[in-house]
Amino acid sequence: MRLKTSLLKEPKHKELVSCVGWTTADELYSSSDDHQILKWNLLTNETIQVVRLAEEIYPIDLHWFPKTTGGKKQIQAEIFVLTSTDGKFHLVSKTGRVEKSVEAHRGAVLAGRWNYEGTALVTVGEDGQIKIWSKTGMLRSTMVQQGTPVYSVAWGPDSDKILYTSGKQLIVKPLQPNAKVLQCPWRCSMQCPPVCLRPPEISGYWGTGAHYQPWWKAHDGVILKVDWNAVNDLILSGGEDCKYKVWDSYGRLLYSAQVHDYPITSVAWAPDGQLFAVGSFNTLRLCDKTGWSYALEKPNTGSVFNIAWSVDGTQIAGACGNGHVIFAHIIEQRWEWKNFEITLTKRRSMQVRNVSNDALDVLEFRDRVIKASLSHGHLVVVTSLQCYVYSTKNWNTPLVFDLKEGTVSLILQVERHFLLLDGAGIYLYSYEGRLISSPKFPGMRTDILSSQTVSLSNDTIAVRDKADDKVIYLIDALSGKPLGDGKPLVHKIEVMEVALDQFGSPNERKVAIIDKNRDLYISSVRRFGKEQKIIKIGTMVHSIAWNDKVNILCGMQNMHFVVWYYPNTIYVDKELLSKTIYEKDASEFGKSPQIVNYVGNQVTVRRADGSLIYTSISPYPAILHEYVSASRWDDAVRLCRFVKTTTPDEEQTMWSCLAAMAIAHKDLLTAEVAYAAVGEIDKVQYINLIKDLPSKESRMAHLLLFIGNAQDAEGTLIQAGLIYQAIQVNINLYNWDRALELAVKYKTHVDTVLAYRKKFLEDFQKEESNKRFLQYAEGVEVNWEKIQAKIEMEFAKERERAAAVTSLSSTGSRNAPLNR
């Protein structure tokens, strides 16, 4: 990826250009010390003067009113705020008319920014004040008064806090003085009052009242520019120490650039949060969100004082110190999938290369390419007006359909369909171009969703709610409606990343979650009326990816690369989970690696310096998954035995996976073989006990007990009329109150429960203290001979019933798959 820059031979402005701003993807406004505001049309290459400002107005900053306000979308921006050196900000219409001028600060107004909803405006000035205004220019509050100028300001993703500069420091301040307490990122053991007790030079946190106010020393020189992205929640800063840095929202440093030759005069995030641009003297740099550089250009521009991204994120405009406005287009983006490599060679053309036979194809488009995605045998290309869908088998005849707007920010592909995300909504299309669904959910803000907060499978869409980061909406992909009873999945703390598995039936769909503590959880997507179980399977996990063909999950966990060969083990046998995991040292990936994808047996990892590293995963677990999904249990057993002879280190892992898979699919014979291979003799004995039970219902119930689901086991027995067995299950679990409750409710075996309870207390030399047992024990004689006879009678009835069912069954005596 690189930048293709363009400059006019002669500058249109006669003085320094201070600020620029896009109205559409092809129209830009620029303002200069020559008091002119010019409009640039990139389609016709025309530049016209919109207005000439008064001689006393020297503009500093320009920001267009947001296009989306209150859920309604304007066709284009109609008004912008212009700050100037005379202490005023001006509301200027698209035609150049100054609608209103407001006295705002003593000295220059150094920056002005609308919030994301367009309901408020923040200005900062040389007087060290920060003021919040209504959209009509009425003063709401003076948030900050400090002794040093505030050079730059940015809104937080929810417009509920602001980030501003104070010399060498960055400060995040909530708009509400009684805002929710921010969690200390140090997670120290100190029980701090509202003020953090750690020294400021250590903690970077101080507070007053009922909230912490994070601040931190960010640079060794005065900070000149900041930006805060709503999609990735990351902060960008640049200063006179000639460095740019990337921070998280708690002030933790994620990336620090090498020292440049000159101060960093401008920084700006791309709308989708994947890239950012940095400007300095005769310097324009394009960077990945993690900090490393894609491209460096050295145009003859003087200092680049302001950078603005077009709404579609494909081009940059820079305000230059020598009167020029520089334009830069992003080209040479690359996409890879299996043996195909695709490169965006020009704004409207792509080159397709098949590395297996070195065949080349060129794809031409009518309009500028905005986004593209290559996966599952299809290339999806979005231009400013249309969407093109190519099959990797035929590059000559794409399927083309029109789009409502050309601001697609995300493309997700799965085997059967793909998802487009733009500022207006979520759209699911088939590869034939048919609109499948357009999901909606309460408080939907698609402009701040990303690949970390949206996940897609063949049957499900998972979306994290921005209003409450603990909530995940689970949506049926085909209908666009919420799954089940419509209630979302709610985690106990904020969710950072969601990922749906890609294989299997919809009823077995799982979603993996990374939360704010970097713990990895897994949960079933479909609940069937039961409370959702969210179970932890890992800690300190920073990046995850599901395999594209089988349900194998890989991730970066605390400087280790980890593969969960069968994550569903946590629902079947928790003790086996650690034996189904492959782990290796991740030092070769460097610091903060990110998993790009997991295709076939190969995982692609991007290092912190931007380089890609490929690592291979053993093919045997994927083959095992395929055998099990096809119910080829004998082949699965043979595969595990073959692995024992070829790669002994994998032997226990494969057998453990097979054991968990067999239990999940209720194949007891295979489970017995697999558990015996890993030395779990007690479980082998219990499986033999299950196999010897007379009825199918009993076997099913005890299998549910095996995986720790006592409630469902009891329900299965009661539904089958096996009341005593349900009582006995609770007795074996020492759940005495429930056992007595069932006996009283069904008026049977009360004496049996009392007898077992009495024997239990005698063994531990205890006296009965439970009032209910004391009440029912009055007048009840415990006779073990009668009790044993009643129990034998219950089992005899069960055997007779099972025999009758077997004789009526067309399958003979075989009760597959419980005892295959």
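What percentage of the 820 residues in the protein is buried? Buried residues make up 54% of them. The model is predicted.

**Figure 1. Overview of the protein.** The predicted model has 14 helices and 58 strands. Along the principal axes, its C-alpha atoms fill a box of roughly 110 × 70 × 45 Å. The exposed surface comes to about 36700 Å². Carbon and sulfur atoms supply 50% of that surface. Among contacts with a separation of 6 or more, 44% link residues 24 or more positions apart. The protein carries 95 positive and 92 negative charges.

**Figure 2. An open sheet of 4 strands.** The strand order is S12-S13-S14-S15. Pairing in this sheet is antiparallel. Strand S12 (109–114) and strand S15 (139–145) stand at the edges. Each edge strand has a single partner strand, so one side of each is left without a neighbour in the sheet. On average, neighbouring strands here are turned by 20° against each other, direction ignored.

**Figure 3. The pairing of S14 and S15.** This view stays with the sheet of Figure 2 and shows one of its pairs. Strand S14 covers residues 129–134. S14 and S15 pair in the antiparallel sense over 5 bridges. Which residue of S15 is the bridge partner of Ile-132? The partner is Ser-141. In a regular strand, side chains alternate between the two faces of the sheet.

Figure 4. H3 spans residues 620–629. Of its 10 residues, 7 are buried, so the helix is largely enclosed by the rest of the structure. The buried residues of H3 are Tyr-620, Pro-621, Ala-622, Leu-624, His-625, Tyr-627 and Val-628. Which helices do they pack against? The buried residues of H3 pack against helix H4 (633–646) and helix H5 (651–664). Just after H3 comes Ser-631, with a positive phi of about 60°. Most residues other than glycine have a negative phi.

Figure 5. S29 runs over residues 304–309. Within the pair, Val-304 stands opposite Cys-320 in S30. The hairpin has 5 residues between the strands. In this hairpin, Gly-313 takes a positive phi near 70°.

**Figure 6. Lys-338 in a loop between strands.** Lys-338 is in the loop between strand S32 (334–337) and strand S33 (340–346). What is its phi? Lys-338 has a positive phi of about 50°, although it is not a glycine. Is this lysine buried or exposed? Lys-338 is exposed, with a relative accessible area of 55%.

**Figure 7. Lys-747 in a loop between helices.** Lys-747 lies in the loop between helix H11 (736–746) and helix H12 (750–763). Lys-747 is not a glycine, yet has a positive phi of about 55°. At 75% relative accessibility, Lys-747 counts as exposed.

Note on methods: Residues numbered from 1 in each chain as written. Predicted model: local features only at pLDDT ≥ 70, side-chain atom pairs only at ≥ 80, totals over all residues. Heavy atoms only, no water. Buried < 20%, exposed > 50% of the residue type's maximum accessible area, 1.4 Å probe, protein only. Contact = heavy atoms within 4.5 Å. Areas by Shrake-Rupley, 256 points an atom, 1.4 Å probe, with all protein chains shown as cover. Lys, Arg positive; Asp, Glu negative; His and termini not counted. Charge placed at Lys NZ, Arg CZ, Asp CG, Glu CD. Pairing = 2+ DSSP bridges. Axes fitted to C-alpha atoms, helices over the stretch in contact; angles between N-to-C directions.
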